[in-house]
Amino acid sequence: MAVKVIADDCVGCETCVPECPVEAICMNGDKAVIDQGKCTQCKTCIEACPVEAIKAE
Ligand code: SF4
Ligand code: SF4
């Protein structure tokens with residue numbers, strides 16, 4: 001399993017960035033990107049995203 005940003009759905013609000021406890025999320029332009037090497041799959045960002053653009057798959 002990996003937690004991923006669905007780029008087509010991300011609106012660039014940056015809400016998820018400070019929510020990640022291990023600072024695994026950064027912005028690439030107007031899209032959030034998750035560093036898979038840092039992500040612990042805690043799913044906090046999934047709950048935080050207002051447009052459900054982050055999914056575990
Ligand atoms: S699942 Fe948790 S560790 Fe991974 S990017 Fe989201 S908030 Fe950060
Ligand atoms: S909270 Fe959701 S819409 Fe906002 S930047 Fe993060 S992934 Fe994109």
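Helices (H or I, at least four residues) and strands (E, at least two) are DSSP runs, numbered from the N terminus. This is a predicted model, in which local features need pLDDT of at least 70, side-chain atom pairs count only at pLDDT 80 or more, and totals for chains, interfaces and linings use all residues. Residues are numbered from 1 along each chain as its sequence is written, chains are lettered from A and ligands numbered from 1 in the order in which they are written, and side-chain values use heavy atoms, with hydrogens and water left out.

**View 1. Overall fold of the protein.** The protein contains 1 helix and 4 strands. Along the sequence, they follow the pattern β-β-β-α-β. The C-alpha trace spans about 25 × 20 × 15 Å along its principal axes. The radius of gyration is taken over C-alpha atoms, and the globule rule is 2.2 Å times the number of residues to the power 0.38. For 57 residues, a compact globule would have a radius of gyration near 10 Å; the protein has 10 Å, so the two agree. Contact means heavy atoms within 4.5 Å. Among contacts between residues at least 6 apart in sequence, 56% join residues at least 24 apart.

View 2. Accessible areas come from the Shrake-Rupley method with a 1.4 Å probe; for residues, only the protein chains shown count as cover. The accessible surface of the protein is about 3600 Å². Carbon and sulfur atoms hold 48% of that surface. Buried means under 20% relative accessible area, exposed over 50%, and partly exposed in between (1.4 Å probe, protein chains only). Of the 57 residues, 26% count as buried.

View 3. Two strands pair if DSSP finds at least two bridges between them. Strand β2 (residues 25–28) runs antiparallel to β3, and 4 bridges join them. Ile-25 has Ile-34 as its bridge partner in β3. Met-27 is bridged to Ala-32 of β3. The hairpin has 2 residues between the strands, and Gly-29 takes a positive phi near 65°.

**View 4. The two faces of β3, with Val-33.** In a regular strand the side chains alternate between the two faces of the sheet. Along β3, Ala-32 and Ile-34 point to one face and are buried. Val-33 lies in strand β3 (residues 31–34). Val-33 counts as partly exposed because its relative accessibility is 35%. Beyond residues up to four places away in sequence, Val-33 touches Val-5, Ala-24, Ile-25, Cys-26 and Asn-28. Val-33 and Ile-6 are 27 residues apart in sequence, with their C-alpha atoms 9.2 Å apart in space.

View 5. A residue is near a molecule or strand if one of its heavy atoms lies within 4 Å of it. Of the 13 residues around ligand 1, Cys-20, Cys-39, Cys-42, Lys-43 and Cys-45 come nearest. Ala, Val, Leu, Ile, Met, Phe, Trp, Tyr, Cys and Pro count as nonpolar, Asp, Glu, Lys and Arg as charged, and the others, Gly among them, as polar. This shell has 9 nonpolar, 3 polar and 1 charged residues. Lys-43 sits in the loop between β3 and α1. Lys-43 is not a glycine, although its phi is positive, about 75°. With a relative accessible area of 37%, Lys-43 is partly exposed.

View 6. The residues around ligand 2 include Cys-10, Cys-13, Cys-16 and Cys-49. Also among them are Val-11, Gly-12, Glu-14, Thr-15, Ala-32, Pro-50, Val-51 and Ile-54. By class, the shell comprises 9 nonpolar, 2 polar and 1 charged residues.

View 7. Ala-53 lies in the loop between α1 (44–48) and β4 (54–56). Ala-53 counts as buried because its relative accessibility is 1%. Leaving aside neighbours within four places in sequence, Ala-53 is in contact with Lys-4, Val-5, Ile-6, Asp-9 and Cys-10. Ala-53 and Pro-18 are 35 residues apart in sequence and 16 Å apart in space, C-alpha to C-alpha. Glu-23 is in the loop between β1 (3–5) and β2. At 63% relative accessibility, Glu-23 counts as exposed. Glu-23 has a phi near 55°, a positive value in a residue other than glycine.
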